[in-house]
Amino acid sequence: MAGRTNNRRYLLWLAVGTATMALAMASLLVFELAQKRAIERSSAIGSDSLTALTFQFEREFLRLRQVLSEAVAKGDASDMGALAMRNDIFQSRLTLLLESPSVAVLKSREEYRKGVLDLRPMVAELDQALGAKFINRRALADVLAELNRLGADVQALTQAANSEEARLLEQQADVMGQQNRLIVWLTLAQLALLMIASASLVVRQRRQEAERLALEQLTDELREAQFRAEAASRGKSQFLANMSHELRTPFNGLMGMLGLLKGTQITATQGEYIQTAQESAGHLLTLLNDVLDMSALETGKLALKPMAAHLPRLLAEVNALMSPLAKGKGLDFHMRLPDAPLPQVSVDETRLKQILFNLISNAIKFTAAGQVVLTLCQRMLDAHTLEVVFAVRDTGIGIEPQAQLRLFQRFYQVEGSATRRFGGTGLGLEISQSIAQLMHGAITVESVVGKGSTFTATLQLPMVAEAQVPAAAAAPAPPAPTSGATQGMRVLVVEDHPINQKLVGLLLARMDCQIDFCENGQLAVERVQQEVFHLILMDVNMPVMDGLTATRLIRALPGTVARTPIVVVTADVMNEARDHALLAGANDFISKPLNVEQLRGIVQRYAAAGMA
Ligand code: ADP
């Protein structure tokens, strides 16, 4: 602000200075022209000098008088010729005095009247006398007398001319002197202006340099601050990831134990308490997953794992999970699918389900009565890409236009914490939007307060040939619960945490497995060389030796033991965790908290393989 005012003031000064300088130069030019004219005038006077004219006039006057007096004395005709010549010369001098412009200054003077004008009758008389047939001595004598009488006046004329010219020259010198002084002053003023201008330029240059340096310093500081902030943010994300990992382990125990407790002999009230505890734990797990996803998104670690997928089956799973939620609130929930069959697409199923769960559970959460409808539309973008549009429409509370703009921001919730009626973290939509963007799509919202909202996820998914869809995915029937298959199966549980040991032990015991425990990877490697196991459940983070190293070492062992099925069990749900496990040589990967059904499925699958 101050800088701009300074700049304007500087420009004003520059404009005023330039204008003044231009004015000074114009004045200089005018004076120089005036001087040139004065010099021309004085040189004109010089070439046709006043004093020269009067002096020559006087000389011719005297010569004429001389010749005339001689002619009067002699009366000779030969003298008449000389006299006529002198008269002609004298008259031409007289004409000059009458007509020459340089005589103008003299014309007002008495001497001019007497010495020039009063001479004219005498000249006429002389002309007449010279023009007569005979020499008229008397007339000539009269003229001579007249000439003699006028002699003093002619002399006075010369003196007058002298003084007049002196005065003129003096006047000119005065004017020129004055002009010269003015020119000197103007030049000095111009010089001063130039000096002021250059000084101000220097000052300005210095100030700008100082400002530039200050700006550079500020930029450096900002860069430094940004760097620190980014480092802090990275640290925070890392901390979040670590924390959620750490939280998962005891959580695993908690969830598992609650599940087991529910299966024991309890009263109805105890059952209700357990139900509430399970619901709270489920909620907590969702929050934990959200925080983990967010930090993964921030650190760019959330990469999609697209696989050939069967959309109708995926939607059936979504329906199975969401329907009870809607029914619980007395809402009508249904799906509208296109008539044309849905082509196979390549997509990260877990993440797509996450988007749909989030949009539908929001719709159910913010709708008190009416319905929630998921509509699916499809459109071929080109031979390889299918645009899939999932629209979740509800008849709920709706969202104000102002709030719609901020919905996808982190932690944003339409109702502030003070007036909250609904739970939530304000993370769901941001995460869903980020995932949709990873799928070359976006989520948009249309809503009318009091009428309801429609959240639309538009995704671009690559199509795959039918045959590429894995059979297991296409026919998702879980392995048949043939408990006989798991009976007597020898399972080695490599796990350092006593609660987790206990939980897995209890779950496996239900499947009639024969269980052994090891507290770390090294013990497991030693153990498998002594005994035969049908399956190893391998934790990752353990003291002494981690699970991945142990897996690699077992795979490197000689003999059939190297082919023992190993399933890595970890609380780390990041994408790399699965990759690392498979790279180390594990057959499979399951994440904590352990899902009873999932564990049962896995154990049964390897039991079946073991028997074959
Ligand atoms: P959360 O639901 O955990 O608060 P979200 O990011 O999923 O976080 O949603 C952010 C906010 O957007 C919600 O708190 C709610 O105010 C608003 N919102 C989301 N979906 C709907 C909906 N279907 N109807 C009305 N408001 C919604």
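Reader: Let us start with Ser 434. Is Ser 434 buried or exposed?
Author: Please keep in mind that this is a predicted model. Ser 434 counts as buried because its relative accessibility is 18%, and buried means under 20%.

Reader: Which helix does Ser 434 lie in?
Author: Ser 434 belongs to helix 11.

Reader: And how far is its C-alpha atom from that of Leu 297?
Author: The two C-alpha atoms are separated by 7.7 Å, although Ser 434 and Leu 297 are 137 residues apart along the chain.

Reader: Now the ligand. Which elements each supply at least two residues of the shell around it?
Author: Helix 11, spanning 428-438, is one of them, together with helix 9 (349-365) and strand 7 (452-462). Helix 9 gives the most, with four residues.

Reader: Which residues come nearest to the ligand?
Author: The shell has 20 residues, and Asn 362, Asp 394, Gln 413, Thr 425 and Leu 429 come nearest.

Reader: How do the residues of the shell divide into nonpolar, polar and charged?
Author: There are 10 nonpolar, eight polar and two charged residues around the ligand.

Reader: What about polar atoms facing the ligand?
Author: The side chain of Asn 362 has an N or O atom 2.8 Å from an oxygen atom of the ligand. For Lys 365, the corresponding distance from a side-chain N or O atom to a ligand oxygen is 3.2 Å. Asp 394 places a polar side-chain atom 2.9 Å from a nitrogen atom of the ligand.

Reader: How much of the ligand does the protein bury?
Author: The protein buries 96% of the 530 Å² that the ligand exposes when taken alone.

Reader: Changing topic: where is Asn 87?
Author: Asn 87 sits in helix 3, residues 77-99. Its relative accessibility is 2%, so Asn 87 counts as buried.

Reader: What joins the side chains of Asn 87 and Asp 127?
Author: A polar contact of 2.8 Å joins these two side chains.

Reader: Finally, the surface. Which residues form a nonpolar patch there?
Author: The patch is made of Val 184, Trp 185, Leu 188, Leu 191 and Met 195, and together they have about 560 Å² of accessible area. Leu 188 is part of helix 6, which covers residues 137-262.

Reader: Why does Leu 188 count as partly exposed?
Author: Leu 188 has 44% relative accessibility, and partly exposed covers the range between under 20% for buried and over 50% for exposed.

Methods:
Residues are numbered from 1 along each chain as its sequence is written. This is a predicted model: local features need pLDDT of at least 70, side-chain atom pairs count only at pLDDT 80 or more; totals for chains, interfaces and linings use all residues. Side-chain values use heavy atoms; hydrogens and water are left out. Patches are made of residues with over 30% relative accessible area and no salt bridge: like charges are joined within 9 Å, nonpolar side chains (Val, Leu, Ile, Met, Phe, Trp, Tyr) within 5 Å. Accessible areas come from the Shrake-Rupley method with a 1.4 Å probe; for residues, only the protein chains shown count as cover. A salt bridge is a side-chain nitrogen of Lys or Arg within 4 Å of a carboxyl oxygen of Asp or Glu. Buried means under 20% relative accessible area, exposed over 50%, partly exposed in between (1.4 Å probe, protein chains only). A residue is near a molecule or strand if one of its heavy atoms lies within 4 Å of it. A polar contact is a pair of N or O atoms within 3.5 Å; within protein, one must be able to donate a hydrogen and the other to accept it, and residues adjacent in sequence count only if both atoms are side-chain atoms. Ala, Val, Leu, Ile, Met, Phe, Trp, Tyr, Cys and Pro count as nonpolar, Asp, Glu, Lys and Arg as charged, and the others, Gly among them, as polar.
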